[in-house]
Amino acid sequence: MLVLRFCLIPNHFPCIIIYNMIGGESQQLAVEAKNTSFFYGKLKVLDNLSFRIPAGISYGLLGPNGAGKTTLIRLLVGLLTSHQGSISVLGRVPSRQTAHLIGYMPQQPSLYNELSIVQNVDFFARIYLKDNGNERSKQVEEAVKLVGLWERRNDGIMKLSGGMKQRVSLACAIVHNPPLLFLDEPTVGLDPELRVNFWEHFAGLNKKGVTIIISSHTMDDAAHCDRLAFMRNGQLIAEGTPNDLRQATGKLGASLEDAFLYFVRREEKK
Amino acid sequence: MHSQALIIASRIIKQVVRDRRTLGLIIVVPIVVMTLIWLSFPELPGTLDYIAPALLATLALFFGFLLTGISFLRERSQGTLERLMASPVSRLDIVLGYLLGFFLFALLQTLIIVLFTIYALDVQYKGDLWQIFVFQIIVLIGAINLGIFISAFARNEFQMVQFIPLIILPQVFLCGILWPLEQMNDVLQWIAKFLPLTYAVEGMRDIMVYGKSLLDVGFDLAVLAAFAVGISVITALTLRHSSGG
């Protein structure tokens with residue numbers, strides 16, 4: 001229990017790794033959903049979802065617009081509560097008490113337009129971290145540098161392009177070094193070079209034990225993930241590693257796009 | 001205790017200070033409005049002295065409501081409120097932070113407008129200046145919280161602006177600023193008893209025109225304080241991240 005407590009303190013990735021080893025299982029669960037359903041009024045947005053996401057991997061939620069990806073992420077960060085079934089992050093029900101363990105990048109960059117880049121990131125650092133000036137400014141600098149905006153740190157958000165806003169939004173999500181990251185379509189509006197940079201960084205975070213859950217509708221992102229969940233109309237139609245999913249089609253050289261279509265058709269036949 | 005409310009308040013202050021035009025408007029608009037009203041009263045000496053307290057209370061309610069309502073609505077529509085609600089900050093801290101941040105600007109506005117009215121427009125008053133400010137502060141806190149609360153029912157700025165005639169104007173008509181309350185029919189007098197501005201105008205008039213103390217207007221003050229606390233508790237309890245209602 002003591003070990004568990006230490007592990008829940010953010011900024012202590014080594015602890016999480018130790019915890020994983022002590023836990024005995026090969027991998028600890030970062031997220032678990034059991035028969036989760038969610039409705040907007042009468043509309044069923046999430047339909048009986050069950051899945052488990054082990055810690056320390058990149059997990060992709062793939063599907064077209066309206067598949068329920070954003071709703072699922074909002075459930076996982078504690079903004080919504082499921083109507084049926086249960087959901088847990090790092091072994092706990094998502095709430096304000098789990099919020100400091102989570103980094104959340106919403107689909108629409110939620111930034112304060114009047115403030116500069118560094119003021120935005122610093123605001124979130126203050127909210128999430130105990131107010132320790134030195135440590136905090138170091139982490140803010142790290143996060144802003146990581147998204148490649150340190151030279152423009154004093155620019156107001158209004159002056160930035162869409163892609164740059166995405167990057168500031170990512171910096172705000174990771175500034176407190178959370179062990180669990182939820183990124184809602186983080187690569188939309190990014191040029192290919194930055195996209196590669198982002199994915200390199202995500203891989204680095206995974207190595208430190210950070211779990212990253214990414215929603216996307218491009219198969220380009222999917223290829224970078226360790227595991228994928230294909231979603232459609234609020235349902236989970238397939239789940240596995242990119243390789244598993246490609247091979248399931250039974251075709252040699254099948255792309256992830258082929259795999260997605262294969263599972264869609266299989267679902268329609270049911 | 002509520003250190004996160006302070007973090008939010010300091011963020012709001014930074015936002016407004018960096019937005020020069022907004023800051024300028026906050027300072028200039030009340031002066032312009034009071035000057036216009038003053039210019040429209042040139043022939044009747046003493047009338048403004050009687051009307052001024054009511055105007056000060058009304059403008060405090062109006063500006064406090066508008067400033068906070070619109071900017072809180074923007075937090076909703078930009079998604080920053082939702083982002084904040086996914087963080088470890090409590091709802092109470094969000095409301096307190098907002099109250100604190102905007103209170104500073106509303107207070108600045110009140111200081112300017114009261115001092116301008118008294119010294120530049122030469123409005124005569126009795127009572128203590130500090131008691132006038134304390135009373136105005138209580139009015140402001142209620143107005144700011146009312147702004148936050150009402151913004152939950154608007155989906156965009158356009159709708160929010162339309163809440164002004166709905167929420168503010170009836171209070172202005174029924175507070176005794178246009179006609180003495182005693183001359184209205186019973187139903188209107190009864191309704192006026194439930195509107196905070198009625199107490200704000202009554203209290204300000206008692207202090208400024210009749211030279212009463214805060215203790216003498218204790219009942220008005222208590223009603224306004226109860227309104228401020230009540231509306232902030234309701235706001236914190238009903239705070240939702242998405243817009244619309």
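Q: Where in chain A is A:Glu185 found?
A: In this predicted model, A:Glu185 sits in the loop that runs between strand S6 (180–184) and helix H7 (192–207) of chain A.

Q: What is there to read in the backbone of A:Glu185?
A: Start with the general idea: most residues other than glycine have a negative phi. A:Glu185 is not a glycine, and yet its phi is positive, at about 50°.

Q: Which loop holds A:Asn233, and what is its phi?
A: A:Asn233 lies in the loop between S8 and strand S9 (235–240) of chain A. Its phi is also positive, near 45°, in a residue other than glycine.

Q: How many bridges join S5(A) to S6(A), and which residue stands opposite A:Tyr104?
A: These two strands run parallel and are joined by 4 bridges. A:Tyr104 has A:Phe182 of S6(A) opposite.

Q: How many residues of S3(A) are buried, and which way do they point?
A: The general idea is that in a regular strand the side chains alternate between the two faces of the sheet. In S3(A), A:Ser58, A:Gly60 and A:Leu62 point one way, while A:Tyr59 and A:Leu61 point the other way. Of its 5 residues, 5 are buried, so S3(A) is largely enclosed by the rest of the structure.

Q: What are the pairings of S3(A) with S7(A) and with S8(A)?
A: S3(A) runs parallel to S7(A), with 5 bridges joining them, and A:Leu62 faces A:Ser216 across that pair. S3(A) is also parallel to S8(A), over 4 bridges. In that pairing A:Gly60 stands opposite A:Leu228.

Q: What is the strand order in the sheet of 3 strands?
A: This open sheet of chain A has the order S2-S1-S4, with antiparallel pairing. Strand S2 (43–54) and strand S4 (84–89) of chain A are at the edges, each with a single partner strand, so each has one side without a neighbour in the sheet. Strand S1 (residues 29–40) of chain A pairs with S2(A) over 8 bridges, and A:Phe38 stands opposite A:Leu46 in S2(A).

Q: Which residues of helix H10 are buried, and which are exposed?
A: With a helix, check its length, then look down its axis. H10 of chain A (residues 256–269) has 14 residues and should span 20 Å at 1.5 Å a residue; its end C-alpha atoms are 20 Å apart, which agrees. A:Leu256, A:Ala259, A:Phe260 and A:Tyr262 are buried. Seen down the axis of H10(A), its buried residues fall within an arc of 160°, so they line one face. They pack against strand S3 (58–62), helix H8 (219–222), strand S8 (227–232) and helix H9 (242–248) of chain A. A:Arg265, A:Glu268 and A:Lys269 are exposed on the other side of H10(A).

Q: Which residues have the most contacts inside the largest nonpolar core?
A: They are A:Val121, A:Ala171, B:Ala57 and B:Val139, in a core of 144 residues. Helix H3 (residues 47–78) of chain B gives the largest share of this core, 16 residues.

Q: How many residues does each chain bring to the contact between A and B?
A: Chain B brings 20 residues and chain A brings 19 residues. On the side of chain B that touches chain A, H1(B) gives the most, with 7 residues.

Key:
Residues numbered from 1 in each chain as written. Chains lettered and ligands numbered in written order. Predicted model: local features only at pLDDT ≥ 70, side-chain atom pairs only at ≥ 80, totals over all residues. Expected span 1.5 Å × (residues − 1). Buried ≥ 20, exposed ≤ 12 C-beta atoms within 10 Å, placed from the backbone. Arc of directions from axis to C-beta. Contact = placed C-beta atoms within 7 Å. Core = buried A, V, L, I, M, F, W, Y, C linked by C-beta atoms within 7 Å. Pairing = 2+ DSSP bridges.
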